[in-house]
Amino acid sequence: RLTSEGVPSYYAPEHAGAPGAVRFTNRAFKALCVRRLAVVRSILLLGYHVWFSDVDVFFLSDPWPGLATLSPPCDWVYQPNYYNVTALSVHKEGNGGFFLLRSTAPAVALLEATARSAP
């Protein structure tokens, strides 16, 4: 429906209508995440930065002023997947539900390496 209204969108019909098909951490969920990163990569290659947020993420305040003024500019800004993570924490896994990727060669290389290492 979004595409017919002129809104750029992506739809994966193989995941539609299958209850539990994309439960967190199962094989279908991981496949969907890899596909999402492929779509994000294609957007980066067009020269656009990508600010991605899952529909279940909400903001208490506008995060853009902080993200836009990072110094030095970062190629990838993400939310850790664990609560109360410090710079020295062993749990540095990024949460795929909220991130900013800039259209840079290192960001594209990161997505390509991630896709290659996915199960």
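In this tour, a residue is called buried when its relative accessible area is under 20%, exposed when that area is over 50%, and partly exposed in between, with a 1.4 Å probe and protein chains only. The model is predicted: local features need pLDDT of at least 70, side-chain atom pairs count only at pLDDT 80 or more, and totals for chains, interfaces and linings use all residues. Residues are numbered from 1 along each chain as its sequence is written, and side-chain values use heavy atoms, with hydrogens and water left out.

**The whole chain.** Begin with the complete chain in view. There are 3 helices and 3 strands, where helices (H or I, at least four residues) and strands (E, at least two) are DSSP runs numbered from the N terminus. Along the sequence their pattern is α-β-α-β-β-α. Of the 119 residues, 16% are buried.

**The sheet.** Next, select the strands. They form an open sheet of 3 strands in the order β1-β3-β2, with antiparallel pairing; two strands pair if DSSP finds at least two bridges between them. Because β1 and β2 (76-80) stand at the edges with a single partner strand each, one side of each lacks a neighbour in the sheet. Now select β2 together with β3 (residues 94-101): this antiparallel pair has 5 bridges. Within the pair, P80 is placed opposite G94 in β3.

**Two salt bridges.** The whole structure holds 2 salt bridges, each a side-chain nitrogen of Lys or Arg within 4 Å of a carboxyl oxygen of Asp or Glu. Select D54 and R36, whose side chains meet at 3.5 Å, N to O. D54 lies in the loop between β1 and α2 (64-68), and R36 lies in helix α1, 18 residues apart. With a relative accessible area of 28%, D54 is partly exposed.

Then select R41 and E112, where the closest N and O atoms are 2.8 Å apart. This pair joins helix α1, which holds R41, to helix α3 (residues 105-117), which holds E112, across 71 residues. R41 counts as partly exposed at 28% relative accessibility.

**A last stop.** Finally, select Y48, in the loop between α1 (27-45) and β1 (50-53). Y48 counts as exposed because its relative accessibility is 53%.
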